[in-house]
Amino acid sequence: MKNIRQLLALALIAALMLQCKAPGLLRENNGPSQQALAEAGQHAHCGQADPQYVTRQVTVTGDVVHPLVLTVDSLRKMEVTTLRELKIVCQTGMARDSAQTTLGVRLKDILEKATIDQQGHQDRNFYIVARASDNYKATFSWAELFNNPAGEQVYVLFEQDGKPLKEKGEMILVSLSDTRTGPRHVKWLKSIEAQRIK
Ligand SMILES: Nc1nc2c(c(=O)[nH]1)N[C@H]1C(S)=C(S)[C@@H](COP(=O)(O)O)O[C@H]1N2
Ligand SMILES: [Mo]
C-alpha cells in the first residue's frame, strides 16, 4: 500500500517535470540548445499559473522626485492605449503568448509622473529596471525611453482580451519594438527602479 503511494507520487513528480521541459525539447529540432535548456530551468515553475508571484501593486522608486505605488485602478486613470495583436516570442524563437487586444500605459508616462531626478539637461545617464516578484528583470536606458522611438512602445499592461491579468499579473511590462519580445516581457511586475549611473 505504502509502495503504491510512493510510486504514484514519483510518477506525478516525473509527469510535472516532463511537462515543464517538454515544450523546449520538442521545439528544438537538432536537440535542445544549451540556451533552451537553461531557459527551461529558469522559467519559474514553468511560467504560468503560480499565484505566489502575483502582485497587486508596482512601486516606482530610486532617483525619482515622486515615488509612486501603482495599481490597476491608478493605471486606468492615466492615458490608456489599446494595443492590437500582441505576440510574445522567446529569445530561442518560440512563440510563448499572444493576445488580440491589450490595454496598457506607457512606461514613459509613468516615469514622467514619478519624474526622474535630473540635475540639468546633461544629467541623462539613468538605467531603469523593471523587476518581477520572482526577481526576473528587464533593463532600459534613459535614452531609449526618452530619446528614441523604441520608448513609445514600452508599456505596463493590465488587461488582455477584455480580462484582467490574473496568473501573469496583475501588471506586466512589455517592449514591443524588441526583435524578440520575450526577454523584456516581465510578468508579475513588482517595481520600476530608476537609477543614475555612478
Ligand atoms: N517574471 C518573469 N517574467 C518572465 C519570465 C520569468 O521567468 N519570470 N520569463 C521570460 C521569458 S524567458 C519569456 S520567453 C517570456 C514568456 O515566458 P512564459 O511563457 O514563461 O510566460 O516571459 C518572460 N518573462
Ligand atoms: Mo524566453
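These legends describe close-up views of a predicted model.

Local features need pLDDT of at least 70, side-chain atom pairs count only at pLDDT 80 or more, and totals for chains, interfaces and linings use all residues. Residues are numbered from 1 along each chain as its sequence is written, chains are lettered from A and ligands numbered from 1 in the order in which they are written, and side-chain values use heavy atoms, with hydrogens and water left out.

View 1. Helices (H or I, at least four residues) and strands (E, at least two) are DSSP runs, numbered from the N terminus. Of the 198 residues, 40% are buried. Buried means under 20% relative accessible area, exposed over 50%, and partly exposed in between (1.4 Å probe, protein chains only).

**View 2. Five strands form an open sheet in the order E2-E1-E10-E5-E6.** The pairing is mixed. Two strands pair if DSSP finds at least two bridges between them. Strand E2 (68-70) and strand E6 (137-141) are the edges, each pairing on one side only. Strand E5 (residues 126-132) runs antiparallel to E6, with five bridges between them. Val 129 has Thr 139 in E6 as its bridge partner.

**View 3. Strands E3 and E4 form a hairpin.** E3 spans residues 81-89 and E4 residues 95-106. The two run antiparallel and are joined by eight bridges. Lys 87 is bridged to Ser 98 in E4. Five residues lie between the strands. In the turn, Gly 93 has a positive phi of about 100 degrees.

**View 4. Tyr 53 and Trp 188 form one of two aromatic pairs in the structure.** Rings of Phe, Tyr and Trp (its six-membered ring) pair if their centres lie within 6.5 Å; planes under 30 degrees apart count as stacked, over 60 as edge-to-face and the rest as tilted. This pair is tilted, at 4.9 Å centre to centre and 35 degrees between the planes. Distant parts of the chain are linked here, 135 residues apart. Tyr 53 sits in the loop between helix H2 (34-42) and strand E1 (58-62). Trp 188 sits in the loop between strand E9 (172-175) and strand E10 (189-196). Both residues are buried.

**View 5. Trp 142 and Phe 146 form a stacked aromatic pair.** Their centres are 5.6 Å apart, with 25 degrees between the planes. Both lie in helix H5 (residues 142-146), four residues apart, about one turn of the helix. Trp 142 is buried, with a relative accessible area of 14%. Phe 146 is partly exposed, at 21%.
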